[in-house]
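I set out to look up selected contacts in this structure and to note each one in turn. The entries begin with the ligand and then turn to the helices.

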Amino acid sequence: MGKVIDIQHLKKNFGQHEVLKDIDFSVNKGEVVCIIGSSGSGKSTLLRCINLLEKPTAGEIIYNGENILDSKHDIFAYRSKLGMVFQQFNLFNNMDVLHNCTVGPAKILKQPEEAAKKIAMGYLEQVGMENFINAKPEQLSGGQKQRVAIARALSMKPDALLFDEPTSALDPEMVGEVLKVMKDLANSGLTMIVVTHEMEFAKEVSDRVIFMDQGVILEQGSPDDIFNHPKEVRTKQFLERYL
Ligand code: ADP
Ligand code: MG
């Protein structure tokens with residue numbers, strides 16, 4: 001199975017603070033990887049380095065066989081191949097739902113307006129938001145906003161979707177509708193990297209679970225390995241809080 005992204009010896013410092021320490025990480029096509037770990041362990045920084053919202057201090061990011069950190073590579077083109085879904089939705093508040101989903105494809109992928117609309121409508125249907133295309137984000141619930149954010153990310157036809165705690169800002173009654181959409185995507189074969197505290201979700205949908213601790217990948221394996229047979233004391237301690 002081909003690797004979509006292959007990261008080697010990734011380091012990230014903020015000043016003197018070494019937040020990521022020599023991380024090796026790759027994701028295969030169609031794989032669903034969940035990243036768990038305590039607050040401050042570097043999960044968001046890892047995702048942000050993967051799509052170059054943060055510039056790594058050192059390391060390589062191999063994409064299609066090339067290190068995209070070499071200066072000759074177009075990081076905007078690379079970034080457009082990785083969709084990102086944020087905890088706080090980050091929708092464009094001045095645009096309606098449909099426009100949120102067509103602006104990227106039209107401006108960045110240069111898709112004709114009608115084609116962009118058609119593709120976006122397909123994804124809005126997939127997330128159950130096709131009846132809200134003229135609504136502004138402020139008129140939507142958190143769960144609805146997040147489903148639009150997922151449709152927006154999919155409209156760019158990404159090679160992989162990166163989720164950073166997509167349900168952490170939601171009222172409890174809205175978590176399920178977003179996880180349902182994510183489960184369907186996982187089952188459809190989309191490549192996904194998901195930072196989450198939803199342990200049941202991670203157990204159910206992950207091909208691989210990564211436990212991060214203090215800037216390193218302390219342990220990784222199948223959901224059964226990590227949740228039922230964790231090797232590291234820190235993993236056990238972390239999981240005990242969720243059981
Ligand atoms: P997590 O997502 O696992 O909670 P983060 O990646 O957000 O962890 O943060 C890891 C560490 O990096 C924390 O100590 C945090 O304070 C620090 N950090 C994150 N972003 C910045 C930044 N822009 N400037 C300085 N420190 C940062
Ligand atoms: Mg985080």
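How far does a backbone N or O atom of S41 lie from an oxygen atom of ligand 1? I looked this up in what is a predicted model, and the distance is 3.2 Å.

Entry on the ligand. I continued with G42, where a backbone N or O atom lies 3.1 Å from an oxygen atom of ligand 1. For K43 I noted a contact through the side chain: an N or O atom there is 2.7 Å from an oxygen atom of ligand 1. I then listed the residues around ligand 1, which are F14, H17, V19, S38, S39, G40, S41, G42, K43, S44 and T45.

Entry on α3 and α5. I turned next to helix α3, residues 97-107, and helix α5, residues 142-155. Their axes come within 8 Å and cross at roughly 25°. An angle under 35 degrees counts as roughly parallel, and α3 and α5 are therefore roughly parallel to each other. I recorded the crossing of α3 and α5 as right-handed. On the α3 side I found V97, N100, C101 and P105, which meet V148, A151, R152 and S155 in α5. By class, I counted 5 nonpolar, 2 polar and 1 charged among the residues of this contact.

Entry on α3 and α4. I then asked at what angle α3 packs with helix α4, residues 113-126. The angle is about 125°, and the axes of α3 and α4 are 9 Å apart. That makes α3 oblique to α4. The crossing of α3 and α4 is right-handed. From α3 I noted V97, L98, C101, T102 and P105 in the contact, and from α4 I noted A116, K117, A120, M121 and L124. The residues of the contact of α3 with α4 divide into 8 nonpolar, 1 polar and 1 charged.

Methods. Residues numbered from 1 in each chain as written. Chains lettered and ligands numbered in written order. Predicted model: local features only at pLDDT ≥ 70, side-chain atom pairs only at ≥ 80, totals over all residues. Heavy atoms only, no water. Axes fitted to C-alpha atoms, helices over the stretch in contact; angles between N-to-C directions. Helix = DSSP H or I, 4+ residues; strand = E, 2+ residues; numbered from the N terminus. Parallel < 35°, antiparallel > 145°, perpendicular 65-115°, else oblique. Left-handed = near helix turned anticlockwise from the far one by under 90°. Contact = heavy atoms within 4.5 Å. Nonpolar A, V, L, I, M, F, W, Y, C, P; charged D, E, K, R; others polar. Near = heavy atom within 4 Å. Polar contact = N/O pair within 3.5 Å; in protein donor to acceptor, adjacent residues only side chain to side chain.
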